[in-house]
Amino acid sequence: MPQTLLALLAMILTSLLAFNQQQSVRNNYTHMVGNEIEMAASGALMTVLEFIGSRSFDERTTPAAIEAAQTLPADSTHFSAAHRFGSYDRGASGCDLMAPYRTPDCDDIDDVDGLTGQTISVTLSTGLTLDFAVSVEVDYVGLDDMDRPITTPTFYKRVVVTAANDLLPYGRLEMVRIFAYDPLKAEADYEDVYGPLGA
Amino acid sequence: MQFILDHLTSLLVAGVVILILATAQLYAQRSGLEQTTSYATKSKALSFGEWLEDDILSLGANYGEDAYRFEVPTTDSTTGNTTEFRFYSDSLLVSGDTLRMMTRYKLDPLETIVRGGREILLFEMERATAQKPVVNGEAAEPAEHEWTADGRSLSTLSAFNIAILTRTGAETTDVDQGEFIRVSFALVPEYPVEPEYLRELYWTTTLKVRPFWEPPSA
């Protein structure tokens, strides 16, 4: 009888050890998969941020607005109010984060504010795609504290893009970038469409 | 025989315990190997990506207002891979002359391997450089022997693609319209562990090239 009990105890302990080992292996796999998905997500978010930055800084600095005013904004008071970010002037077709040429009305940085759950796809070499749900937030920030959103228009806009996928570590990946108003870029974008300013 | 029959239960239990422990040990060993392989592959992918970023963000240095700083990538229509990509930057010498630094990425097929039941064609991306003096704003085309392998190459690629994008994200073959370069590649682990967990690691990024626009007219 004691020997049988000892044998049972050995089986139980061994089973516990095996279960723990399996759990550890499973956690390792989950971690490795998460790392790979994170690499794909970070590449996709880099692309999204680059295309957001390629847009005009503000509605007031788009080529059409500069053409109407025949001048570049000299100070931040001319920029859009914070409550007018997002759908206010981005048009009915919304914003395509990976192919901005498809949504020409989404032409300045704050037009992408408030986008949630927008799907972007990363195509792997095998032809399979990996989808992420992307959300974007845009806020004005001040030079003294670039982590704190403010409502007063400034020369700096902070863009936070978040990609969500169940396979990511913690389910999401976030990237932040601050874009500064560049009058040279605004003028170059204008010149690309209308020719030299003031000509 | 008597000994075995007398202790049959114990022997069975001992056998099962040893089997369970051996299996757990095997799984742990395989997991450790896969972790190491995964880490090595990821480390390689990140290093290679960093080299590519460094190259592409540096292209066009000292080029002035001339927007012609890279060639349109040559693409293989069968595989969709970029087989050749050239880009340039200038170096200003003490003498006042200008030297054009040319960099070339060339993708050569190597061998076909089987991973996860799928045949994968491996490629080697060879990075080579050449230097030519700039005369009247132009530099001569280097001969093949003037290209020198300059490191930062990789030979376990399963896919490699470079695309030129306009400011609004559309692919273009017009070098003057290119404002972004999108780079993507996939590579396979060098040490496969059966059954394979990590078959291909995929990396992509989009980079703004410089100079990214011609300065506005004075």
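**Before selecting anything**

Residues are numbered from 1 along each chain as its sequence is written, and chains are lettered from A, with ligands numbered from 1, in the order in which they are written. Because this is a predicted model, local features need pLDDT of at least 70 and side-chain atom pairs count only at pLDDT 80 or more, whereas totals for chains, interfaces and linings use all residues. The model scores ipTM 0.81 and pTM 0.84.

**Stop 1: chain A**

Three helices and five strands make up its secondary structure; helices (H or I, at least four residues) and strands (E, at least two) are DSSP runs, numbered from the N terminus. Along the sequence of chain A their order is α-α-β-β-β-β-β-α. Chain A is more spread out than a compact globule, because its radius of gyration is 25 Å, well over the 16 Å that the globule rule gives for 199 residues. That radius is taken over C-alpha atoms, and the globule rule is 2.2 Å times the number of residues to the power 0.38. The C-alpha trace of chain A spans about 100 × 40 × 25 Å along its principal axes.

Of the 199 residues in chain A, 29% are buried. A residue is buried if 20 or more other C-beta atoms lie within 10 Å of its own, exposed if 12 or fewer, and partly exposed in between, with C-beta atoms placed from the backbone. Among contacts in chain A between residues at least 6 apart in sequence, 55% join residues at least 24 apart; two residues are in contact if their C-beta atoms, placed from the backbone, lie within 7 Å.

**Stop 2: chain B**

Switch to chain B. Two helices and nine strands are found in chain B, in the order α-α-β-β-β-β-β-β-β-β-β from the N terminus. The radius of gyration of chain B is 26 Å, well over the 17 Å that the globule rule gives for 218 residues, so chain B is also more spread out than a compact globule. Its C-alpha atoms fill a box of roughly 105 × 40 × 35 Å, taken along the principal axes. Buried residues account for 28% of the 218 residues of chain B.

The average for chain B is 84, and 90% of the residues score at least 70. Among the elements of chain B, helix α1 (residues 2-6) has the lowest mean pLDDT (74) and strand β1 (residues 74-75) the highest (94).

**Stop 3: strand β8 of chain B**

Select residues 180-187 of chain B, which form strand β8; eight of its eight residues are buried. In a regular strand the side chains alternate between the two faces of the sheet. Here both faces are covered: B:Phe180, B:Arg182, B:Ser184 and B:Ala186 are buried on one side, and B:Ile181, B:Val183, B:Phe185 and B:Leu187 on the other.

B:Ala159 stands opposite B:Ala186. In β9(B), B:Thr205 is the bridge partner of B:Val183.

**Stop 4**

Select B:Gln177, in the loop between β7 and β8 of chain B. B:Gln177 counts as partly exposed, with 14 C-beta neighbours inside 10 Å. Not counting residues up to four places away in sequence, B:Gln177 touches B:Thr166 and B:Thr172.

**Stop 5: the interface**

Show both chains. The contact takes 37 residues from chain A and 36 residues from chain B. On the side of chain A that touches chain B, α1(A) gives the most, with 25 residues.

**Stop 6: two positive phi values**

A:Gln70 has a positive phi of about 60° although it is not a glycine, and lies in the loop between α2 (63-69) and β1 (118-123) of chain A. A:Gln70 is exposed, with 8 other C-beta atoms within 10 Å. B:Arg152 likewise has a positive phi of about 60° without being a glycine; its place is in the loop between β6 (148-149) and β7 of chain B.

Notes
pLDDT is the predictor's confidence in each residue, from 0 to 100. Two strands pair if DSSP finds at least two bridges between them.
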